[in-house]
Amino acid sequence: MEQVKSGKIKKQYSDEFKRDAVALLRSSNRPIKQVAVEIGVSDSVLGCWARKEEKVSLDSQMTEAEKLEAVRLRKQIKDLKEEIEILKRFTTYWVSDQK
């Protein structure tokens, strides 16, 4: 266990425990909240573990070319979002300047 700044104790779980918890979640077909209560963790923590494991699983199935394409597309999405924000600001400025 580890003390964090807020004064709360942060529990440390082994990788094996996390994998087993996610495997139980996947195999049981029960709600995440129910499985989390049974193993003594919060549902948000268990959900985080499940998402991370799913991402690792998907990444391991991807070819190197697919991984590079995913990186390129993420960068392109980031750039486009920045451009949209700039255009929104410009439009707001232009509209307010026209009055």
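In what order do the elements of the chain run from the N terminus on? They run β-β-α-α-α-α, and the secondary structure comes to four helices and two strands, where helices (H or I, at least four residues) and strands (E, at least two) are DSSP runs, numbered from the N terminus.

## Basis of the model

This is a predicted model, in which local features need pLDDT of at least 70 and side-chain atom pairs count only at pLDDT 80 or more, while totals for chains, interfaces and linings use all residues. Residues are numbered from 1 along each chain as its sequence is written, and side-chain values use heavy atoms, with hydrogens and water left out.

## The chain as a whole

Of the 99 residues of the chain, 11% count as buried; here buried means under 20% relative accessible area, exposed means over 50%, and partly exposed covers what lies in between, with a 1.4 Å probe and protein chains only. The accessible surface of the chain comes to about 8400 Å², and carbon and sulfur atoms hold 58% of this area. Such areas come from the Shrake-Rupley method with a 1.4 Å probe, and for residues only the protein chains shown count as cover.

A contact is defined as heavy atoms within 4.5 Å. Among contacts in the chain between residues at least 6 apart in sequence, 34% join residues at least 24 apart.

## The nonpolar core

In soluble globular proteins, nonpolar side chains tend to be buried together. The term nonpolar core is used here for a set of buried Ala, Val, Leu, Ile, Met, Phe, Trp, Tyr and Cys residues joined through side-chain atoms within 4.5 Å. The largest such core in this model has nine residues, namely Ala21, Val22, Leu25, Val35, Ala36, Val41, Leu46, Trp49 and Ala50. Helix 1, helix 2 (32-39) and helix 3 each supply at least two residues of this core.

Val35, one of the core residues, is in contact with Leu24, Leu25, Ser28, Arg30 and Leu46 when its neighbours within four places in sequence are left aside.

## Aromatic pairs

Rings of Phe, Tyr and Trp (its six-membered ring) pair if their centres lie within 6.5 Å, and planes under 30 degrees apart count as stacked, over 60 as edge-to-face and the rest as tilted. By this rule the count comes to three aromatic pairs. The rings of Tyr13 and Phe17 are stacked, because their centres are 5.1 Å apart and their planes stand at 15 degrees. Tyr13 is partly exposed at 25% relative accessibility, and Phe17 is partly exposed at 29%.

The rings of Tyr13 and Trp49 have their centres 5.3 Å apart and their planes at 75 degrees, so this pair is edge-to-face. Because Tyr13 lies in the loop between strand 2 (9-10) and helix 1 (15-28), and Trp49 in helix 3 (residues 43-61), the pair ties together parts that are 36 residues apart in sequence. Trp49 is buried, with a relative accessible area of 10%, and ring pairs link Tyr13, Phe17 and Trp49 into a cluster.

Arg72 is partly exposed at 43% relative accessibility, and Glu69 is partly exposed at 35%.

Asp79 forms another with Lys75, the closest N and O atoms being 2.9 Å apart, and these two residues lie four residues apart in helix 4, again about one turn. Asp79 is partly exposed, with a relative accessible area of 26%, whereas Lys75 is exposed at 52%. The side chains of Glu85 and Lys88 also meet in a salt bridge (3.6 Å, N to O), and being three residues apart in helix 4, they are separated by about one helical turn.

## A nonpolar surface patch

Patches are made of residues with over 30% relative accessible area and no salt bridge, with like charges joined within 9 Å and nonpolar side chains (Val, Leu, Ile, Met, Phe, Trp, Tyr) within 5 Å. Phe90, Tyr93, Trp94 and Val95 form a nonpolar patch on the surface, with about 470 Å² of accessible area together. Phe90 lies in helix 4 (residues 64-98).

Note on methods:
A salt bridge is a side-chain nitrogen of Lys or Arg within 4 Å of a carboxyl oxygen of Asp or Glu.
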